[in-house]
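Have a look at the sequence and structure first, then read on.

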Amino acid sequence: MRFGFNFWLGATLTALVIFAGILAPWIAPFDPVFNADLMNSELPPDATFWFGTDAQGRDVLTRTLYGAQISLTVGIVSQLINSLIGVTLGMTGGYWGGWWDDLVSGLTNVMLAIPSLIFALAVLAVLGPGLPSLLIALGLTNWSWTCRVARSSTLSLKSQGYVQAAKILGYGDMRIMFTQILPNMMGPILVMATLGMGSAVLSEAALSFIGLGIQPPSPSWGSMLTDARQLIQLAPWIAVFPGLAIFLTVLGFNLLGDGLRDSLDPHMRTRKP
Amino acid sequence: MFIFTIRRVLQTIPTVIVAALIIFVIFSVVPGTFATSLLADGKRAADPQLIARLNEELGLNKPLVERFATYITNLAHFNLGTSFRTRQPVINLITDRIWASFILASAAMMFALIVALPLGFIAALRPGSIVDTATMIGAVSGLSVPEFWLGLVLMYIFALQLNWLPSFGYGDGSFQNLILPAITLGVAPMALLARTTRAGVLDVLHSDFIRTAHAKGMSDVKVMRWHVARNALVLIITTVGLQFGSLVGQAVIIEKLFAWPGIGSLLVDSVAIRDIPVVQGTILVIVLWFLAINTAVDLIYAAIDPRIKQG
Amino acid sequence: MTQPLLDIRNLHLGLRLGRDLHPLLNDISFQIMPGEAYGLVGESGSGKSITSLAVMGLLRKPLSVSGGEIIFKDRNLLTLPKREMRRLRGKNVAMIFQEPMTALNPLSTVGRQIAEMFILHQGKNWREARRLAVDSLARVRVPNPERRVNDYPHQMSGGLRQRVMIAIALACDPDLLIADEPTTALDVTVQAEVLKLIKDLCAERQTAVLFISHDLGVIAAVCQRVGVMYAGCLVEENSTDRLFSDPQHPYTRGLLGALPRLGGRLENGRQRLVDIDSIITDRSILTKTRCIAPRIKEGSTP
């Protein structure tokens with residue numbers, strides 16, 4: 001398989017964010033939460049504080065690096081949950097058909113009718129803010145597109161010769177699904193998951209920004225921007241770096257997803273809004 | 001067409017009911033949510049006796065099925081309940097604010113269309129050109145940028161530094177107040193529309209009937225007007241419909257950022273103070289909005305594409 | 001001798017990739033007289049279709065003509081200004097394509113798509129053009145033309161759609177009709193009807209036809225003269241009768257051998273079809289002399 005420029009640019013960006021997240025404890029110059037020092041508050045970028053400091057005098061660079069951990073956790077975990085739900089429902093629905101398929105399709109259509117950010121808000125309203133609720137909220141609300149893709153792939157794979165052959169050989173339904181169908185639709189699912197990570201990172205940032213996601217003093221990019229908003233006149237640099245970090249991370253995932261899609265199948269188009 | 005319209009509208013009813021059920025269940029099955037959240041002030045646990053009394057008062061001690069039946073019956077009478085906080089009917093709170101949301105979403109979509117359609121067209125006509133490359137880079141960036149951050153940056157530059165535009169508020173519906181939130185909200189649909197338009201137009205340009213049109217001796221302009229535009233429109237309209245719906249979701253954040261008095265900021269504020277009936281009602285209205293637009297899109301689609309009505 | 005209607009002289013055409021030109025057509029020359037039906041036959045990829053697209057001026061990048069002339073009514077189409085070429089296209093030279101399923105716009109009525117011709121070339125208004133479209137449909141023997149004119153392509157069968165294509169092509173009474181595999185995608189019974197329609201209509205109004213097909217049988221039914229194309233070269237040209245009775249080029253003999261025919265049977269009652277052992281290889285080393293390929297099974301002709 002050949003990958004284009006987009007793929008490699010996306011892969012590089014994503015790799016950088018992953019390294020930043022993993023290596024944060026070693027490369028970050030300060031502690032993300034406890035180096036608050038009001039004497040140094042709101043300093044513009046300089047030699048000690050490369051990205052400046054925030055209202056509590058904490059180093060913005062350090063917090064931005066640690067922020068990668070939260071964003072990546074949310075992106076990856078929520079997409080794992082999404083893919084698990086989407087693939088399970090879509091594959092079984094497409095394979096078994098009948099009332100179960102009707103139920104799955106009906107549920108998918110209803111889920112598509114509720115904007116995912118709104119749904120996540122509803123879940124957060126019930127569970128309260130925080131990382132675990134956020135993971136559940138974003139993990140439960142964005143599986144409908146994956147489910148659709150899984151279902152339609154299963155439908156087309158089901159009629160393929162080798163799946164028919166496996167059936168004739170007496171393979172069980174589960175075995176056919178896991179050994180014959182699932183491996184053959186991993187490509188599109190992977191694309192959906194990669195693009196989904198981008199939108200999960202965006203949603204996390206947005207929800208944290210309005211105070212319903214990750215709570216301060218945890219260094220989430222979204223909640224850092226909440227603080228930055230109050231000080232935008234005095235200390236614009238506090239807003240610049242977390243925002244750039246979100247942008248580059250999401251850009252990385254999107255380019256990676258697009259690149260994967262283009263090399264897997266040049267004809268598959270983005271239907272995901 | 002008439003029968004098709006009726007059928008399409010009727011099809012949405014089960015979706016509405018199931019969506020209402022899901023929203024209802026989310027807020028009901030988690031034990032104690034209503035009363036505890038209402039009474040909790042975040043510091044100490046609420047008095048159990050008080051909770052019990054409140055449950056009684058709100059009818060929360062009745063079985064779930066009965067409560068859902070009451071809920072649906074109320075819905076049918078446009079009764080979305082009463083706000084915990086303000087004691088006003090939820091429906092009034094929403095109708096007071098839905099106009100502002102509608103204006104914002106429409107303005108954002110207009111902005112997105114005005115920019116994205118020409119760019120997408122030009123990009124498709126000259127693939128690989130500078131316009132094409134720039135448009136596609138812009139599109140993937142537009143899909144990746146966090147909207148609220150972009151809004152913050154725009155607010156900083158145009159309102160705070162240059163002083164050209166007001167930084168937030170509704171300003172009694174003045175156009176100036178609309179500009180920044182609408183542009184911010186319009187960026188993501190703009191990016192997606194530019195992509196879809198480009199892909200759609202390219203697709204049409206490579207189809208056989210365009211070759212037929214050229215073989216007829218048609219000029220490029222006429223080929224565009226008579227054959228490309230309408231066929232590409234089908235794909236574009238689908239995207240517009242989907243985007244218009246999810247705009248309302250995104251608008252929640254942008255309304256909050258720009259202190260725009262729409263249903264989005266109502267929702268966020270109500271979630272923050274756990275005013276559950278308002279949250280429930282607002283979400284339901286957003287879902288109805290989304291479904292209404294999807295239905296409208298399907299109808300427009302059927303009017304353009306004769307193949308749809310056939311079944 | 002009368003002036004030929006279409007005179008293709010030493011046409012060279014290739015795929016331009018960067019600075020390289022990969023030749024696809026090599027020194028093609030043939031003439032079509034007014035009212036004559038000329039057939040081009042050859043296997044897929046031999047260059048029949050791009051020859052016709054070159055005549056229509058519909059070649060798309062990276063295809064480009066690298067030499068020769070296409071003279072139509074004393075004018076070289078290759079040097080004609082874009083505007084004039086456009087006026088000529090459809091009005092004087094019209095074309096029918098292979099795929100009737102996709103060659104019509106699915107979102108317009110067939111009536112509108114025929115009417116466009118009268119708007120473009122005869123300056124009619126929509127009302128008149130629509131009336132003329134009904135007449136055109138009647139001419140290609142579509143039943144109920146008054147009603148059918150409002151149909152969308154998806155409401156029609158493949159045969160009917162190809163009739164609509166013919167109606168479009170013949171709407172302005174062109175001098176030359178190019179038919180690129182017009183019946184390949186159709187059922188056999190429909191094929192015969194459509195062939196007969198093309199033949200009758202063109203004979204009726206003295207329209208010359210350039211008929212392209214890989215099927216010698218179809219060519220024989222319509223054309224007076226045939227050119228055989230192979231790997232971008234015109235290897236043989238003759239009248240249809242002579243070509244069948246006395247093929248000169250080994251490739252032609254191979255083609256004829258691959259044709260099923262009545263009476264050509266072996267003892268066991270089965271008919272043996274000869275396959276042509278040819279895979280078109282690297283064209284960059286193609287030269288005119290190489291067109292006589294050694295791959296033809298010389299001994300296997302019937």
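## Where chains B and C meet

Two salt bridges are counted between chain B and chain C, a salt bridge being a side-chain nitrogen of Lys or Arg within 4 Å of a carboxyl oxygen of Asp or Glu. In one salt bridge, the side chains of Lys216(B) and Glu116(C) meet at 2.8 Å, N to O. The model is predicted, so local features need pLDDT of at least 70 and side-chain atom pairs count only at pLDDT 80 or more, while totals for chains, interfaces and linings use all residues. Residues are numbered from 1 along each chain as its sequence is written, chains are lettered from A and ligands numbered from 1 in the order in which they are written, and side-chain values use heavy atoms, with hydrogens and water left out.

On the chain B side, 24 residues are in contact with 29 residues of chain C; contact means heavy atoms within 4.5 Å. Together the two chains bury about 2400 Å², of which 58% is on carbon and sulfur atoms. Buried area here is the accessible area (1.4 Å probe) that two parts lose on being put together, summed over both.

## Charged pairs

Over all chains, the structure holds 24 salt bridges. In chain C, Asp7(C) and Arg9(C) pair at 3.0 Å, N to O. Asp7(C) is buried at 7% relative accessible area, whereas Arg9(C) is partly exposed at 36%. The cut-offs are under 20% relative accessible area for buried, over 50% for exposed, and in between for partly exposed (1.4 Å probe, protein chains only).

Another pair in chain C is Glu193(C) and Arg163(C), at 2.9 Å, N to O. This pair links distant parts of the chain, 30 residues apart: Glu193(C) sits in helix α7 (residues 188-204) of chain C and Arg163(C) in helix α6 (residues 158-170) of chain C. Helices are DSSP runs (H or I, at least four residues), as are strands (E, at least two), numbered from the N terminus. Glu193(C) is partly exposed at 45%, while Arg163(C) is buried at 10%. Elsewhere, salt bridges that share partners join Asp258(A), Arg261(A), Asp262(A) and Arg195(B) into one network.

## A buried glutamate without a partner

Glu147(B) belongs to helix α7 (residues 147-161) of chain B. Glu147(B) is buried yet has no salt bridge, and the nearest side chain of opposite charge, Arg195(B), is 14 Å away. For that label, Lys and Arg count as positive and Asp and Glu as negative, with His and the chain ends not counted. Beyond its neighbours within four places in sequence, Glu147(B) is in contact with residues including Thr184(B), Leu185(B) and Ile254(B).

## Cysteines

There are zero disulfides over all chains, a disulfide being a pair of cysteine sulfur atoms within 2.5 Å. The sulfur of Cys202(C) is 10 Å from the closest cysteine sulfur, in Cys223(C), which is too far for a bond. Cys202(C) is buried at 4% relative accessibility, and Cys223(C) is buried at 7%.

## Confidence in chain A

Chain A has a mean pLDDT of 81, and 87% of its residues reach 70 or more; pLDDT is the predictor's confidence in each residue, from 0 to 100. Over residues 268-273 of chain A, pLDDT stays under 50, and the model has 21 contacts beyond four places in sequence for them.
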